[in-house]
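Please find below my notes on the structure you asked me to look over. I have set them out as numbered points, so that each can be followed beside the display.

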Amino acid sequence: MTFLSTENLSKSYADKTLFEGLSFGISEGDKTALIAENGSGKSTLLQILVGDETADNGKVMVQNGVNIGFLEQDPQLNEDMTIRSYIAQSDNEMVQLIQNYEQAAQAQAEDYNAETQENFTQAAAAMDAAGAWDYEQRMEQILGQLDIHNLDQEIATLSGGQRKRVALAFVLLDDPDMLILDEPTNHLDVAMIEWLERYLQKSNLTLLMVTHDRYFLDRVCDHIIELEGNNLYHHEGNYQYFLQKRAERRKIERKRAHKANQLYKKELQWMRRSPKARTTKSKSRIDDFKDLKDNLDDGPDDPELRLQMDMSRMGGQILEMLNVSKSYGDEQILDSFYYDFEKGERIGIIGKNGVGKSTFLQMLTGEEPIDSGKRRVGKTIVFGHYRQEGLDFDEDQRVIDVIHSVAKVIKLESGKKISASKFLTHFMFTDEMQYTPVKKLSGGEKRRLSLMMVLLENPNFLILDEPTNDLDLLTLNKLEEFLLDFPGCLILVSHDRFFMDKLVEHYFVFEGNGQVRDHHGTYEEYRNQRKKELSQQSASEKSSASKDNSNKQSRSSGNDNTLSYNERREYNKLENKIDELEEQKKQLESEMSNGDLDHKELQEKSDQYEELKQELETKTERWFELAERA
């Protein structure tokens, strides 16, 4: 059964045609991803499908009785409501049944009589028939998975990310027949994304979504619709299959365009000889030339993003974070964090929302002060920091003028120089877009412009905080190619696991309470390792609980040698901490003995060494105590 179909949809704005003559259908059970470049009207198309936007021509047909849920990229919520009242406003049958039941219960409590008792009995029976009793439990579960816990919080006080998660919870709770999702993984941390993956995989929902998260796309969708140049291409398969077929198609189109250009040149020479249209054959050839000229196409534009900037030279010392600690009130961000960055390191940073990832990046650059410890930066280090929120531009300025405000000519690593216009072209800003005011750019195009401004600083230590938000998949591929060529240090924070795995060599995993794990391997390997650890921890807890039950009497007499759950966690952490302290101790001994330190530096190292030695002795003594009992 076809749930939704379109016929010859077209949409234009005053100076731009988004799409024209689109026809496609979504059948029951389909899980479909829509892929197109930024600025091609993806979000507008989704809004037309649900009736929030009007098409210039064509029509959208929805099967009778099919309920469609829609998640916008930037949801607009009623700021006068709380989260609870916003969700309760739904016309969802379950919500209505619950509200009827609560009203009947309240009426019976206030005035118990035959009528209120009958209304209450009917409301309870309706709840039974619909299985609505677990709705609130399901609501709290979904909101909890999306880190929304205080249902009485006012929407006006929510951040943009929290609003997106509330809107996502709302559309899932509405239990529609078909879901249309516009970038559902934006503002979700990795744990939330994985939960949403499992939720959508298990559900029978029909799905149409726009997403730049390729792991998410591969695990949820089995069909890809590609929109390019007013043409729709259907791909039954995963993202890698789509890339392969798209590359094959573009190769054929370039060959066809080359042949058309060759024929045009040949016919142009014939036309310049001014043939007299005295015969039917000559007239026909002239008409064919006019058609060829009108339909001449250079093939798909596929600008490369491979630009190696003239990066500042890096010296011997890069950046060292020496026993750094940071907290906000009771919230610990870092606890005695030590790391010495090396040339060309590529590190990904992952962890739940709110554990301090963005704060950590600001500490690396010195924008955020540390509570204790030391931060040492090499004299040659030039930071480039791309922030989640991007940059603020003069919205009336043209794109080319924004770049000219920094540089009109850009020097490359090879020594060559390119114009600002050429630089913009490499980053997929067409000639038309370069002379467009910033206010007319899409969110992804503004992010791309912000990234270019950071790169123009010629950094050798590049820090990117969620650079993939609002970028389309095709742009992401080219950004990846650019970053693969970047020779300096690269630090990435992103919820896009595919993007991270392709670019980084290891991960800093922020586990909370100031603890940071250094994981060497892919995100998928970390995920499997973490599952194994949680399984072992669960088994250990069950074993510990069993021992506790069997040794109650000995514990009550003061002969308890069994580690508690918290002591077991402490014991496991101490092993890693002692190893880390031993490494720091060896490094300090090496630095103090190499003869390169002046008197002041030597005194500082000696003080650090004594503190480190004392901490090592204390932790080792505690480890022996716990080890003996374990």
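The points below go through a sheet, a helix, the nonpolar cores and a hairpin of this predicted model.

1. I would begin with the open sheet of three strands, which has the order β12-β11-β14 and is paired in the antiparallel sense. Because β12 (331–341) and β14 (372–377) stand at the edges with a single partner strand each, one side of each is left without a neighbour in the sheet. From one strand to the next, the twist averages 20 degrees.

2. Within this sheet, strand β11, made of residues 319–328, pairs with β12 over seven bridges in the antiparallel sense. As a place to look, Ser327 stands opposite Gln332 in β12. Helix α11 (residues 357–365) packs on the sheet, where it touches β11, β12 and β14, and the direction of α11 makes about 135 degrees with that of β11.

3. Helix α6 covers residues 160–173, and its 14 residues reach 20 Å from the first C-alpha to the last, which is close to the 20 Å expected at 1.5 Å a residue. How many residues of α6 are buried? The helix is mostly covered, with 12 of its 14 residues buried, and among them are Arg163, Lys164 and Arg165 as well as Val166, Leu168 and Phe170. After α6 comes Asp175, which has a positive phi, near 50 degrees.

4. The largest nonpolar core has 94 residues, and those with the most contacts inside it are Ile87, Leu200, Phe429, Leu449 and Leu483. Helix α6 gives the most to this core, with eight residues. Domain 1 (2–96 + 131–243) and domain 3 (319–528) both give residues to this core, and therefore it lies between them.

5. Leu483 deserves a separate look: leaving aside its neighbours within four places in sequence, Leu483 is in contact with Arg346, Leu462, Leu464, Leu490, Phe499 and Leu503. There is also a second, separate core, which has 26 residues and includes Phe337, Phe341, Met363 and Phe508.

6. Finally, strand β9 (residues 223–228) and strand β10 (residues 231–235) run antiparallel and are joined by five bridges. In this pair, Glu228 stands opposite Asn231 in β10. The two strands form a hairpin with two residues between them, and Gly229, which lies in the turn, has a positive phi of about 55 degrees.

Methods:
Residues are numbered from 1 along each chain as its sequence is written. This is a predicted model: local features need pLDDT of at least 70, side-chain atom pairs count only at pLDDT 80 or more; totals for chains, interfaces and linings use all residues. Side-chain values use heavy atoms; hydrogens and water are left out. Two strands pair if DSSP finds at least two bridges between them. Helices (H or I, at least four residues) and strands (E, at least two) are DSSP runs, numbered from the N terminus. Axes are lines fitted to C-alpha atoms, for helices over the stretch in contact, and angles run from 0 to 180 degrees between N-to-C directions. Contact means heavy atoms within 4.5 Å. The expected span of a helix is 1.5 Å times one less than its number of residues. Buried means under 20% relative accessible area, exposed over 50%, partly exposed in between (1.4 Å probe, protein chains only). A nonpolar core is a set of buried Ala, Val, Leu, Ile, Met, Phe, Trp, Tyr and Cys residues joined through side-chain atoms within 4.5 Å. Domain bounds come from an automatic or database domain assignment.
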